[in-house]
Amino acid sequence: MRSLKQNIISTAVITTVLLPFAVLMMWSFSNRWFYPELWPRQWGFRAWDYVFGTAGFQIITALVQSMLVALVTALMSVAIGLPAGRALGLYEFKGKDLISVILTLPVIVPPLCVAMGLHFWFIKMGLASTFLGVVLVHLTFCLPYSVFVLWGVFSNYNPDYEAQARSLGASSWKVIFRVMLPLTFPGIMVAGLFSFLLSWSQYLSTLIIGGGRVTTLPVLLFALMGSGDRPVAAAVSIVFVVPAFVALLFSARYLGGKSIAGIR
Amino acid sequence: MNTHNKNLSTHTDARTRESPGFAATSLLVAPALLVVVGLFGGGLVLGLIQSLAPLPTAGADVLTVEHFANVLSDPDFLHSLMLTLYVSATSTAIAAAFSIFLALVLVSIAKKYRLVHFIFQIPLTVPHLVIAVAVVFMLSPTGFFSRLAVKFGLIDSSAAFPLLINDRWGVGIILAYVWKEVPFITLMILAVLRHTGVELLEVGRTLKAGPWQRFRYITLPTISPSLGAACLIVFAYSFGAFEVPFLLGQSYPMMLPVWAYKNYSDVDLLARPEGIATGIIIAGVIIVAIVLSQTLIQAARRRGTVL
């Protein structure tokens, strides 16, 4: 009886999670599909032809733009988060609680409020409608995640290995690259992955700061939803979700799948 | 896994040792703090200043609360606020209920069903925008479920299908949030359940506690700190997020973040400070919610009702 109940719940979970993607897939491979038919009348590649053919340049540009923004954001987020995470995880010092509160706020307060406030300032500084401006506003929300992940990583890190390497004559750079980074590598990947995915799915802050000039994939997808071409919107949604799946597979394969739980 | 836990509780790590000196530590933390305080704090402060910006008729250096007053006295604001509170609270409550149930099931079957576990994590990484688009395709009057209903003879045209997106009750918005947030809350609870083991439950059983009593007096107090933190994060997110209500919400009254952005991007530049003021109010509500819930938890702890 117990296993019957478990099977029912498992099936329900799998169906609920996968159904939205099945529906998106069907729409993206439908050439003609009229209400109230349950299946497309004519299957085909019209939407995909459009996405990678007719509008290919626009969509691939947006894809590259999204990738670049997310990659640069993730790199900066890890580079700045690493030293902070190390200090917070390894050492005891005053003001840790305050720092924890300061870092928690950007995780919880929505990007909308901050992006609207920053926009005017960014216009004055020439950062509005630029790549760097968008990266900076994404960094505001990605960096705290990164610091929290690396804080956790360094709480379980033993710096005695570094002392041993140093006593064997390793230089500071060598200690960083041959001891610290390899030992904390999985954690660093998690922090990077968090930041990448968080930046990848940002829409409104990109729109406000990018002013429509920095066209990432979600900005394009919103425009497509307005145009009402469902198969094309479905196809772009699928393209948009692929990196998320890859990240999940990657984390399950290399990081034991223990990592990804905190992503918003 | 417990990233979120961390930031809402205090750190006590056995391994932490004496700092290598104030200067060295500050140097390590400074860049991150500078970015967060500068960009996040700066953004909020600059937003506040802009929302206090003088009216064109007044002197250039007189700050005014006029924009806030305009927003707060607008009947649309109250409607939006109530709708947003309702949608956030409902989706958080439904997601929490499902999560508690699923966590209790998954903790016993996790080893056997690795595939279930993997698939269960998928919504974590899926952008909110994608699930919102999928909900449109599923629940709109000509969507997948409407077609299913016709197929089974429940309705005969799309007009007979109940309005589930862009509707009064925010059904579509709530469903999208529940789909997205259940795995998050569940995994937060699971992390705790895996650590606690079954000893306490066995003690409960030997003391003849029924299943409900064991849940109420053992399991619930154990998971409540994580559950509370996760719910707070979900509530705050759904209170301030734009994508899902923009695609799935009705045009009147709007969800608060959509209303804020509409005013902010209005061609009438006078509406802009009001949009920013609404954004500040959203941030304010969320911060008050955090402080309030933390205070309540502290008070409850002192009385000993929660762990």
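**Contacts, burial and packing**

Analyst: Leaving aside residues up to four places away in sequence, A:L24 touches A:A234, A:S237, A:I238, B:A134 and B:F137. Two residues are in contact if their C-beta atoms, placed from the backbone, lie within 7 Å. This is a predicted model, in which local features need pLDDT of at least 70 and side-chain atom pairs count only at pLDDT 80 or more, while totals for chains, interfaces and linings use all residues. Residues are numbered from 1 along each chain as its sequence is written, and chains are lettered from A and ligands numbered from 1 in the order in which they are written.

User: Where does A:L24 lie in chain A, and why does A:L24 count as buried or exposed?

Analyst: A residue is buried if 20 or more other C-beta atoms lie within 10 Å of its own, exposed if 12 or fewer, and partly exposed in between, with C-beta atoms placed from the backbone. A:L24 is in helix 1 of chain A, and counts as buried because 25 C-beta neighbours fall inside 10 Å. Helices (H or I, at least four residues) and strands (E, at least two) are DSSP runs, numbered from the N terminus. The C-alpha atoms of A:L24 and A:A233 are separated by 8.8 Å, although the two residues are 209 apart along the chain.

User: What does the division of chain A into domains look like?

Analyst: Domain bounds come from an automatic or database domain assignment. Here chain A is divided into domain 1 (1–44) and domain 2 (55–262). The centres of these two domains, taken over C-alpha atoms, are separated by 32 Å. Between them, 5 residues of domain 1 are in contact with 6 residues of domain 2 of chain A. Helix 1 (residues 2–28) gives the most to the domain 1 side, with 4 residues. By class, that side has 3 nonpolar, 2 polar and no charged residues. In this classification Ala, Val, Leu, Ile, Met, Phe, Trp, Tyr, Cys and Pro count as nonpolar, Asp, Glu, Lys and Arg as charged, and the others, Gly among them, as polar.

User: Which residues touch the most other members of the largest nonpolar core?

Analyst: A nonpolar core is a set of buried Ala, Val, Leu, Ile, Met, Phe, Trp, Tyr and Cys residues joined through C-beta atoms within 7 Å. The largest one has 164 residues, of which A:V236, B:A132, B:V133, B:V135, B:A176 and B:I185 touch the most other members. This core draws at least three residues from each of domain 1 and domain 2 of chain A. Not counting residues up to four places away in sequence, A:V236 touches A:V51, A:I59, A:L220, A:L221 and A:L224.

User: How many residues of each chain are in contact across the interface?

Analyst: 84 residues of chain B are in contact with 83 residues of chain A. Helix 2 (residues 22–51) gives the most to the chain B side, with 16 residues. By class, the chain B side has 57 nonpolar, 19 polar and 8 charged residues.

User: At what angle do helix 5 of chain A and helix 2 of chain B pack?

Analyst: Two packed helices are described by the angle between their axes and the distance between the axes. Axes are lines fitted to C-alpha atoms, for helices over the stretch in contact, and angles run from 0 to 180 degrees between N-to-C directions. For helix 5 of chain A and helix 2 of chain B the angle is about 80°, with the axes 7 Å apart. Helix 5 of chain A is therefore roughly perpendicular to helix 2 of chain B; angles under 35 degrees count as roughly parallel, over 145 as roughly antiparallel, 65 to 115 as roughly perpendicular and the rest as oblique.

User: Why is helix 12 of chain B described as largely enclosed?

Analyst: Helix 12 (residues 256–264) of chain B is largely enclosed by the rest of the structure because 8 of its 9 residues are buried. Among the buried residues are B:W259 and B:Y261. The buried residues of this helix pack against elements of both chains, including helix 5 (111–124) of chain A and helix 13 (271–303) of chain B.
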